[in-house]
Amino acid sequence: MEARHPWQALARPRYPFGPWPWRAAGYLASGAVGGAVAFGMLVVLLACSLLLVGLPLLFLAGVALGGAERRRLRLVDRAPAADPHRVPDAPGLAAWLRLRAGEQATWRELAYALLFATVLWPLDALVLAACVGLPAALIGTPLQLAADGEEAKAVKAYLVTSYPEAFAAALIGVLLLLVLAYPLGALAGARAALARALLAPRDGGQADGIGEVIASRARLAAAFEAERRRIERDLHDGAQQRLVALTMTLGLARYDAPPGPLADQLARAHEEAGRVLTELRELIHGIHPQVLADYGLGAALADAADRSAVPVETSGIDGALPRLPAAVESAAYFAAREALANIGKHSGATRARLTAGHADGLLRVDVEDDGHGGADPAHGSGLTGLADRLAVLDGTLTITSPPGGPTLLRAEIPCSALSESSSPRTASSSARD
């Protein structure tokens with residue numbers, strides 16, 4: 001297996017003759033050069049900070065240097081260092097700055113930038129000079145003697161006056177280069193491990209990534225809900241109106257036609273159009289009931305109870321619930337409606353009970369029945385999909401259904417009530433006005 005970083009390569013016999021010493025030397029050399037540049041920029045920014053101009057630039061410089069250092073790590077670490085930063089929810093520089101200022105990764109990058117510009121790059125240069133510069137100076141002794149013609153000073157300390165002495169110094173330099181390749185790789189590996197520890201995602205960074213996934217999933221759910229509403233609106237205002245007009249036209253033609261085969265066909269067509277219109281209205285109601293948008297979750301749950309095939313007792317939910325975010329109301333409504341549909345199809349119940357309440361930032365909807373129990377989400381009852389839909393909103397679906405009954409389905413969604421001015425009904429009324 002190919003080594004991932006110098007520490008793994010150090011244990012291999014051919015390490016001094018492989019690419020890893022060169023990669024380690026390149027990493028330290030680039031660090032020394034980049035650190036010297038960073039030191040100069042730090043001095044300038046600190047001077048500008050006296051005018052309160054350099055502080056924001058220093059903040060941005062830390063983020064930029066962190067990105068560059070994560071890419072430079074590939075010289076001695078084959079595993080890519082992921083970006084610990086999240087993607088802003090909104091476009092624009094202001095949203096980007098607000099997000100970066102609140103992230104721990106940003107301040108770790110700033111701390112690394114200060115450490116890099118003041119301490120790390122001189123260490124990089126010192127290690128490089130000791131492990132590469134010293135052997136290279138010894139190896140170059142014959143060239144120094146040839147250039148001078150009479151004498152040369154090996155590493156500015158030992159006087160060499162003959163070529164046998166010069167080549168002996170060069171041989172010592174080669175051996176020293178092979179020996180010092182080991183501490184060179186070890187120190188480069190330690191330097192890279194420090195950079196990864198400060199600049200790559202930690203557990204908190206992974207949690208931020210999970211939080212971003214959850215937020216992204218919530219945005220997709222909101223977009224999906226908006227698309228459902230658009231389809232419902234198009235069907236209600238377009239296809240349904242055309243079908244109503246067609247039904248009226250067939251009815252008038254039916255009564256105007258003389259008795260006979262034509263009148264009979266028009267009557268059948270009129271009845272079929274009426275059935276299609278009824279099915280379309282049920283479909284529109286299933287996509288997103290208008291009562292949910294206009295009057296809220298309480299009225300929509302009461303309407304669902306009235307439509308249930310099994311008698312449902314409601315505990316005063318109509319008008320008792322405040323207006324909640326549209327995605328919450330929709331998810332809770334469809335959870336209750338799916339539960340009532342399952343009661344009518346599978347439970348054998350004679351009665352059901354529907355309760356709902358909102359308190360302490362938590363919406364709770366309970367659906368109970370007196371059926372034979374044994375409800376299992378794994379048997380394709382649609383409950384798994386409901387649980388996934390609630391999970392998008394950080395909600396939970398709990399089912400208690402022992403064999404013999406009764407069955408209790410409880411949906412809980414954390415949410416806050418909307419103010420009167422921001423409720424969907426108020427917004428839609430304002431739009432109509």
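Figure 1. Outside the four places on either side in sequence, Pro 21 has contacts (heavy atoms within 4.5 Å) with Tyr 15, Pro 16, Ala 181 and Leu 184. The model is predicted: local features need pLDDT of at least 70, side-chain atom pairs count only at pLDDT 80 or more, and totals for chains, interfaces and linings use all residues. Residues are numbered from 1 along each chain as its sequence is written, and side-chain values use heavy atoms, with hydrogens and water left out. Pro 21 belongs to helix H2; helices (H or I, at least four residues) and strands (E, at least two) are DSSP runs, numbered from the N terminus. Pro 21 counts as buried because its relative accessibility is 9%, where buried means under 20% relative accessible area, exposed over 50% and partly exposed in between (1.4 Å probe, protein chains only). Gly 185 is 164 residues from Pro 21 along the chain, yet their C-alpha atoms are separated by 5.9 Å.

**Figure 2. Packing of helices H2 and H5.** Two packed helices are described by the angle between their axes and the distance between the axes. The axes of H2 (residues 20–48) and H5 come within 8 Å and cross at roughly 145°. Axes are lines fitted to C-alpha atoms, for helices over the stretch in contact, and angles run from 0 to 180 degrees between N-to-C directions. The crossing of H2 and H5 is left-handed, meaning that the near helix is turned anticlockwise from the far one by less than a right angle; clockwise would be right-handed. On the H2 side the contact includes Ala 25, Gly 31, Gly 34, Gly 35 and Phe 39. Among the H5 residues in this contact are Leu 114, Phe 116, Trp 121, Asp 124 and Val 132.

Figure 3. Leu 138 is placed in H5 and is buried, with a relative accessible area of 10%. Neighbours within four places in sequence aside, Leu 138 is in contact with Ala 154, Val 155, Ala 169, Ala 170, Ile 172, Gly 173 and Leu 176. One of these, Ile 172, is 34 residues from Leu 138 in sequence and 7.1 Å away in space, C-alpha to C-alpha.

Figure 4. Ala 95, Leu 99 and Arg 100 are the buried residues of H4 (residues 93–101). Viewed down the axis of H4, these residues fall within an arc of 125°, so they line one face of the helix; the arc is that of the directions from the helix axis to the C-beta atoms. Leu 93 and Arg 98 are exposed and sit on the face turned away from the buried side. Glu 103 and Arg 86 form a salt bridge (side-chain nitrogen of Lys or Arg within 4 Å of a carboxyl oxygen of Asp or Glu), with the closest N and O atoms 3.6 Å apart. This pair links distant parts of the chain, 17 residues apart: Glu 103 is in the loop between H4 and H5 (104–139), and Arg 86 is in the loop between H3 (54–72) and H4. Glu 103 is buried at 3% relative accessibility, whereas Arg 86 is partly exposed at 29%.

**Figure 5. Further salt bridges.** The whole structure holds 14 salt bridges. Arg 307 pairs with Asp 303 at 3.1 Å between the closest N and O atoms. Both lie in helix H11 (residues 297–307), 4 residues apart, about one turn of the helix, and Arg 307 is partly exposed at 44% relative accessibility. Glu 368 and Arg 353 meet in a salt bridge of 3.2 Å, N to O. Glu 368 lies in strand S5 (residues 362–369) and Arg 353 in strand S4 (residues 352–359), so this pair ties together parts 15 residues apart in sequence. Arg 4, Asp 77 and Arg 196 are linked in a salt-bridge network.

**Figure 6. The largest nonpolar core.** A nonpolar core is a set of buried Ala, Val, Leu, Ile, Met, Phe, Trp, Tyr and Cys residues joined through side-chain atoms within 4.5 Å. The largest has 34 residues, and those touching the most other members include Leu 297, Tyr 333, Ile 343 and Leu 363. H12 (326–347) is among the elements that each supply at least two residues, and H12 gives the most, with 10 residues.
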